[in-house]
Amino acid sequence: VLLAPAMLLPLVLSLTAWAPYRSALPKLVSGRQAVAARAAAAVAADADTVDAEADAFFRSIDENGDGLISFEELSNHLGSLEY
């Protein structure tokens with residue numbers, strides 16, 4: 001494919017205009033990765049908090065600590081909440 005000089009000028013100008021943005025691209029990518037890493041860490045921290053709260057709730061119902069919630073234990077818990 002042959003390009004006439006008149007066709008090359010807009011291409012060269014557009015490439016020149018993008019030069020500052022091209023140099024900033026690695027910074028944008030690393031910044032995006034940093035944001036993604038912080039978001040992943042926040043989600044993991046939230047998951048740990050939810051797990052800890054769920055475990056505490058389960059232990060509060062599991063009266064005998066056997067790791068199971070019997071019908072009686074569930075009934076006692078729901079009765080204490082007036083259900």
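1. The side chain of Glu-73 reaches the backbone nitrogen of Ser-70 at 2.9 Å. This is a predicted model, in which local features need pLDDT of at least 70, side-chain atom pairs count only at pLDDT 80 or more, and totals for chains, interfaces and linings use all residues. Residues are numbered from 1 along each chain as its sequence is written, and side-chain values use heavy atoms, with hydrogens and water left out.

2. Glu-73 is found in helix α2, residues 71-80. Helices here are DSSP runs (H or I, at least four residues), and strands are E runs of at least two, numbered from the N terminus. The protein chain has two helices and zero strands.

3. Which residues does Glu-73 contact, leaving aside neighbours within four places in sequence? They are Ile-61, Asp-62, Glu-63, Asn-64 and Leu-68. Contact means heavy atoms within 4.5 Å.

4. Leu-78 is also found in helix α2. Leu-78 counts as partly exposed because its relative accessibility is 34%, between the 20% limit for buried and the 50% limit for exposed.

5. Phe-58, Ile-69, Leu-74, Leu-78, Leu-81 and Tyr-83 make a nonpolar surface patch of about 570 Å². Patch residues have over 30% relative accessible area and no salt bridge, with nonpolar side chains joined within 5 Å.

6. Of the 83 residues of the protein chain, 5% count as buried.

Note on methods:
Polar contact = N/O pair within 3.5 Å; in protein donor to acceptor, adjacent residues only side chain to side chain. Patch = residues over 30% accessible without salt bridge, like charges linked within 9 Å, V, L, I, M, F, W, Y side chains within 5 Å. Areas by Shrake-Rupley, 256 points an atom, 1.4 Å probe, with all protein chains shown as cover. Salt bridge = Lys/Arg side-chain N within 4 Å of Asp/Glu carboxyl O. Buried < 20%, exposed > 50% of the residue type's maximum accessible area, 1.4 Å probe, protein only.
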